Amino acid sequence: MGVKITGTGSYIPTDIEKNEDFINHSFFTDNGSLIEQDTTTVIEKFKKITGIEERRYAPLEHNTSDIAFYAAEKAIFDSKIDAETLDYIIVAHNFGDVRKNSSQGDTVPSIAARVKHKLRIKNPYCVAYDVLFGCPGWIEGVIQAHSFIKSNMAQKCLIIGAETLSRVIDKYDRDSMIYSDGSGAIILEKKPDTRGIIASVSASYTLEESDFLFFGKTYNHAIKEDTKYIKMHGRKIYEFALSRVPEAMQTCLKKANVDITDIKKILIHQANEKMDEAIVKRFYQLYQKDVPEGIMPMIIKKLGNSSVATIPTLYDLILKGEIEDHTIKKGDLLLFASVGAGMNINAFVYQH
């Protein structure tokens, strides 16, 4: 028996925020000093480093639980299952439902409970809960669902990654241009005579690294308010990711007993184009090999960093034929990997 992805879905907001839309912003450093460079130069440097040209923001009337529901509906339809037969609904997010112009997260009831309600599922034994694991939250949800199914605690699981990061960004922080909104979902099922998920690995580095991503006040110190926004120590995260993520990816391949040359695609969390390229390059260097052309499909250029939603959205778009020059065929071996707040890292090997 194998544990297979039988349906996918994603929701990409229609509101586009382009780099040039930030041209009239004033950006400050973390010590409250105004960045003297003209904004055009700041934006050009940002694009060169991250690869981001535009990002998507959810409309005012939609919240995290709404867009999670939209992706879930599509995944359920794609899998052709009856939603009442779901054993678990697992939603990965980081801030809950956040209304526009308020950074206060609402997580009671859980986002998963709200999604189950919106799906109108009556079955009380369909268990709904949330995962808070930073950007790797969706992969962690998949790993948990896989464990439930392998241990015969479940047959079918819905795993969603959803985020409205546009509601928790500091407009005076250059890093605010990284974040976006979106959602992605899959159905994971027990299936005969298929491999599906072969192996996984998870790790949490908290001794020195736990506050690399955090909630902090605006960088514009002239504003006297207690509102908190998502913040990061970018250089520390970059160095951490390059050091630890390739090791975790290698560990996962070893557990799966899979040769690196057999991997057809690497679906990695889309946070920073240059960082992802460096991670994958270092990963292949562990095997003394060059990075194969087309191994790492990217969507960050147009969709930005939607945290837990990036990987399931990427996977769904490839399967639906919406990523140019990238396809996934039956039997292909895929490596999923992510890194984020905590600092957490995870990965899994999957045979499509």
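Let us begin with Lys301, which is partly exposed because its relative accessibility is 41%; here buried means under 20% relative accessible area, exposed over 50%, and partly exposed in between, with a 1.4 Å probe and protein chains only. This is a predicted model, in which local features need pLDDT of at least 70 and side-chain atom pairs count only at pLDDT 80 or more, while totals for chains, interfaces and linings use all residues. Residues are numbered from 1 along each chain as its sequence is written, and side-chain values use heavy atoms, with hydrogens and water left out.

Which residue does Lys301 meet in a salt bridge? The partner is Glu53, at 3.8 Å from N to O. By salt bridge I mean a side-chain nitrogen of Lys or Arg within 4 Å of a carboxyl oxygen of Asp or Glu. The two residues are 248 apart: Lys301 belongs to helix α7 (residues 300–303), and Glu53 to the loop between α1 (39–50) and β3 (54–57). Helices (H or I, at least four residues) and strands (E, at least two) are DSSP runs, numbered from the N terminus. Glu53 is also partly exposed, at 21% relative accessibility.

A second salt bridge joins Asp66 and Lys118, at 2.9 Å from N to O. Asp66 is in helix α2 (residues 64–79) and Lys118 in helix α3 (residues 111–118), so this pair ties together parts 52 residues apart in sequence. Is Asp66 buried or exposed? Asp66 counts as buried, at 16%, whereas Lys118 is partly exposed, at 29%.

In total, the count comes to 11 salt bridges.

We now turn to helix packing. The axes of α5 and helix α6 (residues 273–285) come within 9 Å and cross at roughly 45°. Axes are lines fitted to C-alpha atoms, for helices over the stretch in contact, and angles run from 0 to 180 degrees between N-to-C directions. Why are α5 and α6 described as oblique? Angles under 35 degrees count as roughly parallel, over 145 as roughly antiparallel, and 65 to 115 as roughly perpendicular, with the rest oblique; α5 and α6 are therefore oblique to each other.
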